[in-house]
Amino acid sequence: MFAAERRQLILEMVRANGAVSLRELARVVQTSEVTVRRDVRALEAEGLLDRRHGGAVLPGGFTRESGFPQKSHLATAEKTAIADLAASLVEEGEAVVVGAGTTTQELARRLARIPGLTVVTNSLLVAQALAHANRVEVVMTGGTLRGSNYALVGSGAEQSLQGLRVSRAFLSGSGLTAERGLSTSNMLSASVDRALVQSAAEVVVLADHTKLGTDTMFQTVPTDLISRLVTDEPPAGDDRAATELQALADQGVQITVPGAGATGGGPGPGGAPTDGAPPGAAARRGRDMPLPAQRRTQGGGQGVPQLRSAVLATEQGARVADLRRR
């Protein structure tokens, strides 16, 4: 495929979906991510699209929001891995909040296998994924249906969350930066997400690497309220995303990426130990995010060292921030 043909196809995909990851673009045009990144840079120079960390969006992406059909086809493999790991954080009998989004919908499908849960949500898609789950109680907010993402929003949704207290809130969004935290393009969605955050003792953000460094219009969760970020590892060469992760870690956010490199036999879904688990269970284990400084020291013919968890470096800061919030 000639460069002009590739760029035309890339532009058509971005126009159709609003935002597309470099991985997906490379798959569709059947070339490397390096070549796609060069094409995206050229299209940005012509003012036809905007680059984001790990992807491309339409110009004026601050206010642009893709609908559910478009979002559901973006970074699907990354969302699946993120959902697997996020589900391993939940134990039997917990009460959690799950916000709207395609990644949280994937999470809900996995939560259906954990008995004794109570899941509070404003998402019809999350509720549908849990509708036939054994011993999982689903509590839905009130509110007005927002058809583009099948979520309940408005004062009815916010009022129904008053007085609620759960152990964790799992949220996604349109963008995540160390400076502003999690954000979204819709005011009503942002307002409900803020109410969901207020009901939880811990906030877990689910965001694939394409959202890192993207800042959209309405802030939902400031960085100092994010306890943990579950994300995928940025592709090689995407130092900007890695730098954003470092900045998030510096502010006390525990960062975890899916992978089989975790040490120990921590709890899996439902609190079950992962040691001795059947094949494939290791993929649900979390491993540490390699920060930029660590990446530069790796190589030289030596094996990749076991990655250290960002929580070790930031745990004390997180506790201080928690005490301040109290």
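These notebook entries record what I looked up in a predicted model of one protein chain.

**Entry 1. Ground rules and confidence**

I number residues from 1 along each chain as its sequence is written. In this predicted model, local features need pLDDT of at least 70, side-chain atom pairs count only at pLDDT 80 or more, totals for chains, interfaces and linings use all residues, and side-chain values use heavy atoms, with hydrogens and water left out.

I looked up the confidence: pLDDT is the predictor's confidence in each residue, from 0 to 100. The mean pLDDT of the protein chain is 77, and 73% of its residues reach 70 or more. Residues 66-73 have a pLDDT below 50, and I noted 18 contacts (heavy atoms within 4.5 Å) from this stretch beyond near neighbours in sequence. Residues 290-326 are also below 50, with 39 such contacts in the model. Where pLDDT is low, the predicted coordinates should not be read in detail.

**Entry 2**

I take helices (H or I, at least four residues) and strands (E, at least two) as DSSP runs, numbered from the N terminus. Two strands pair if DSSP finds at least two bridges between them.

I found an open sheet of 3 strands, ordered E1-E3-E2, with antiparallel pairing. Strand E1 (19-21) and strand E2 (50-52) are the edge strands, and each pairs on one side only. From one strand to the next, the twist averages 25°; axes are lines fitted to C-alpha atoms, for helices over the stretch in contact, and angles run from 0 to 180 degrees between N-to-C directions. Strand E3 (residues 55-57) is joined to E2 by 3 bridges, and Arg-52 has Gly-55 in E3 as its bridge partner. Helix H2 (residues 22-29) lies across E1 and E3, at about 80° to E1.

**Entry 3. Helix H3**

I list Thr-35, Val-36, Arg-37, Asp-39, Val-40 and Leu-43 of H3 as buried (under 20% relative accessible area; exposed is over 50%, partly exposed in between; 1.4 Å probe, protein chains only).

**Entry 4. Strand E12 and its partners**

I found 5 of the 7 residues of E12 buried, so this strand is largely enclosed by the rest of the structure. Strand E9 (residues 166-171) pairs with E12 in the parallel sense over 5 bridges, and Ala-169 has Val-203 in E12 as its bridge partner. Strand E14 (residues 228-230) and E12 also pair in the parallel sense, over 3 bridges; here Val-205 stands opposite Leu-229.

**Entry 5. Thr-210**

I located Thr-210 in the loop between strand E12 (200-206) and E13. Its relative accessibility is 19%, so Thr-210 counts as buried. Thr-210 and Gly-54 are 156 residues apart in sequence, yet their C-alpha atoms are 4.7 Å apart in space.

**Entry 6. The sheet E10-E11-E13**

I found a second open sheet of 3 strands, in the order E10-E11-E13, with antiparallel pairing. Strand E10 (175-177) and strand E13 (218-221) stand at the edges with a single partner strand each, so one side of each has no neighbour in the sheet. The twist averages 40° from one strand to the next. Strand E11 (residues 181-184) is joined to E13 by 3 bridges, with Thr-184 opposite Phe-218. Helix H9 (residues 187-198) packs on this sheet, touching E11 and E13, and its direction makes about 20° with that of E13.
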